[in-house]
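Please read it alongside the sequence and coordinates.

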Amino acid sequence: MPISRQLLRPAGMGFIFCSFVLAILINLLPWQATAMNFSPDFVALLIIYWALNQPRRVGVACAFFLGVLMDVANGNILGQHALAYSIIAYLALVRQRQLAIFPFWQQALIACALLLLSQAIMVCIRSIMGEPFVGWGYFTGSLFAAILWPPFSNLMLMYQRKDAPDEL
């Protein structure tokens, strides 16, 4: 009886681009302002995902560009998202080969830590600019992102999966 194998197709740039457009649109939805403390940063989540799964296509430059785009779209201090996204993309890329083989629950812990770091960088930048501390509830979105990581990763990998021939 042959063993079923699955190969992953490389994700096309069109799929990656569409996923980022969707994440930006989700981040800009009006309900995000009221549920700011509970909703994860979907752009940062996708940056981590693609940096782990397609490191040659999504890197620090892409993260920086998306960060500037989010700063302009949100009307935030120019560069806060760009810096935070660039740092988490770099950290994900540095250990990409190790992190990519971890089970999803371990990747969720790493993603949570990176998202917490991203939010901490943005809070530090805002506090340097004189804004008051937003409160500890601001960081709960990262915990929800960690819970979402396993189903999110499986959903994103569904596009790339295809059955391998049995002759292998």
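In which elements of the protein chain is confidence lowest and highest? Confidence is lowest in strand S2 (residues 161–163), with a mean of 60, and highest in helix H5 (residues 80–94), at 95. The model is predicted, and the mean pLDDT of the protein chain is 85.

**Confidence**

- In the protein chain, 86% of the residues reach a pLDDT of 70 or more.
- Residues 1–5 stay under 50 in pLDDT, and the model has eight contacts for them beyond four places in sequence.
- Residues 164–168 have a pLDDT below 50 as well, with seven contacts in the model beyond near neighbours in sequence.
- Where pLDDT is low, predicted coordinates should not be read in detail.

**Ser153 in helix H8**

- Ser153 is placed in helix H8, which covers residues 140–158.
- Ser153 counts as buried because its relative accessibility is 0%, and the cut-off for buried is under 20%.
- Leaving out residues up to four places away in sequence, Ser153 touches Tyr49, Phe104 and Gln107.

**Helix H7 and the residue after it**

- Helix H7 has 25 residues, 104–128.
- Gly130 follows H7 and has a positive phi, near 100°.

**Second largest pocket**

- The volume of the second largest pocket is about 250 Å³.
- The pocket is lined by 13 residues, and those closest to its centre are Ser19, Leu22, Leu46, Phe152 and Met156.
- At least two lining residues come from each of helix H1 (13–27), helix H3 (42–53) and H8.
- H1 gives the most to this lining, with six residues.
- By class, the lining of the second largest pocket holds twelve nonpolar residues, one polar residue and no charged residues.

**Cavity**

- Rolling a probe the size of a water molecule over the atoms shows where empty space is left.
- One cavity of 30 Å³ or more is found in a search of the whole structure.
- The largest cavity has a volume of about 30 Å³.
- Val123, Arg126, Ser127, Glu131, Pro132, Phe133 and Val134 line the largest cavity.
- Four residues of this lining are nonpolar, one is polar and two are charged.

Terms used: Residues are numbered from 1 along each chain as its sequence is written. This is a predicted model: local features need pLDDT of at least 70, side-chain atom pairs count only at pLDDT 80 or more; totals for chains, interfaces and linings use all residues. Side-chain values use heavy atoms; hydrogens and water are left out. pLDDT is the predictor's confidence in each residue, from 0 to 100. Helices (H or I, at least four residues) and strands (E, at least two) are DSSP runs, numbered from the N terminus. Contact means heavy atoms within 4.5 Å. Buried means under 20% relative accessible area, exposed over 50%, partly exposed in between (1.4 Å probe, protein chains only). On a 1 Å grid over the protein atoms alone, a cavity is a set of points where a 1.4 Å probe fits but cannot get out, and a pocket is an open set with protein on both sides within 12 Å along at least five of seven lines; lining residues have an atom within 4 Å of a point. Grid points are joined across faces, edges and corners, and a volume is the space filled by probe spheres set on the points. Ala, Val, Leu, Ile, Met, Phe, Trp, Tyr, Cys and Pro count as nonpolar, Asp, Glu, Lys and Arg as charged, and the others, Gly among them, as polar. The expected span of a helix is 1.5 Å times one less than its number of residues.
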